[in-house]
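Please read this report alongside the sequence and the three-dimensional view shown below.

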Amino acid sequence: MKLTTTFASLLALTLVAGPAIAQSPAKELKIPESAKPMAELAAFQFLEGQWTTVNLGGGVNEEDWMPARGNHMLATFRQVRRDGKPALVEVSLLSVEKEGIRLRTRHLHGELDVPANRPNASDFEVVKTGRNWAEFRGVGEAKAVISVKYQLVDANTLRVTTTFDPATKERPFTLTYTRRKS
């Protein structure tokens, strides 16, 4: 009985205080200098946002790029199968390194296990950037990827085109994402 009374009191307090908390004015957060984005990342700001596409088979891909902080940008990717379960997830880190700007991606299966055929992160270097687009090529273990090009087509459309070395017999593909509204 005492536990029920305590729970009821907490619930009542939450219901009464909740709206008051939600209505309090937003406090501006001061970001430390170390987290301010490096100038070299300005060319990649067009990637920022939450992007979604529906695959031909009915699955859904979502790629979310966070704003630049310090020497990097971070993205997450998930592919949702038609049955609603995760097919794969990926974490991408675009960072300013000694050797230049690098894009590193780590693929994980839907259960968050590392694929046996991809035990390491894939590494890409910048080939070229332009206004609202950037092209990368695979290096090291990812050298079979000839090109990954991100292009902001308009304010709400991001196109990602990937091509492979013909020896791999992988077919090139393009994904066209639409910006999600929060």
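Predicted model: local features only at pLDDT ≥ 70, side-chain atom pairs only at ≥ 80, totals over all residues.

Residues are numbered from 1 along each chain as its sequence is written, and side-chain values use heavy atoms, with hydrogens and water left out.

**The largest pocket**

A pocket is an open set of points on a 1 Å grid over the protein atoms alone, where a 1.4 Å probe fits and protein lies on both sides within 12 Å along at least five of seven lines; lining residues have an atom within 4 Å of a point. The volume is the space filled by probe spheres set on the points, which are joined across faces, edges and corners. The largest pocket holds about 980 Å³ of space, and its lining consists of 34 residues, of which Glu90, His107, Arg118, Phe164 and Phe173 lie nearest the centre.

Strands here are DSSP runs (E, at least two residues), numbered from the N terminus. At least two lining residues come from each of several strands, including β2 (60-65), β4 (86-97) and β10 (173-179), and β5 supplies the largest share, five residues. By class, the lining has 18 nonpolar, 10 polar and six charged residues, where Ala, Val, Leu, Ile, Met, Phe, Trp, Tyr, Cys and Pro count as nonpolar, Asp, Glu, Lys and Arg as charged, and the others, Gly among them, as polar.

**Aromatic rings**

Rings of Phe, Tyr and Trp (its six-membered ring) pair if their centres lie within 6.5 Å, and the pair is stacked with planes under 30 degrees apart, edge-to-face over 60 and tilted otherwise. By this rule there are four aromatic pairs. One of them joins tryptophan 65 and tyrosine 150 edge-to-face, with 6.1 Å from centre to centre and 90° between the planes. This pair links distant parts of the chain, since tryptophan 65 is in strand β2 and tyrosine 150 in strand β8, 85 residues apart.

Phenylalanine 136 and tyrosine 150 also have ring centres 6.1 Å apart and planes at 90°, so this pair too is edge-to-face. Because phenylalanine 136 lies in strand β7 (residues 133-139) and tyrosine 150 in strand β8, the pair ties together parts that are 14 residues apart in sequence. Buried means under 20% relative accessible area, exposed over 50%, and partly exposed in between (1.4 Å probe, protein chains only); phenylalanine 136 is buried at 1%, and tyrosine 150 is buried at 6%. Phe44, Trp65, Phe136 and Tyr150 form one aromatic cluster.

**Salt bridges**

A salt bridge is a side-chain nitrogen of Lys or Arg within 4 Å of a carboxyl oxygen of Asp or Glu. The whole structure contains 11 salt bridges, and the table lists some of them.

| Aspartate 83 | Arginine 81 | 2.6 Å |

Since glutamate 125 lies in strand β6 and arginine 137 in strand β7, their pair ties together parts that are 12 residues apart in sequence. Glutamate 125 is partly exposed at 23% relative accessibility, as is arginine 137 at 38%. Salt bridges that share partners join Glu97, Glu99, Arg102, Arg104, Asp123, Glu125 and Arg137 into one network.

Note on methods
Helix = DSSP H or I, 4+ residues; strand = E, 2+ residues; numbered from the N terminus.
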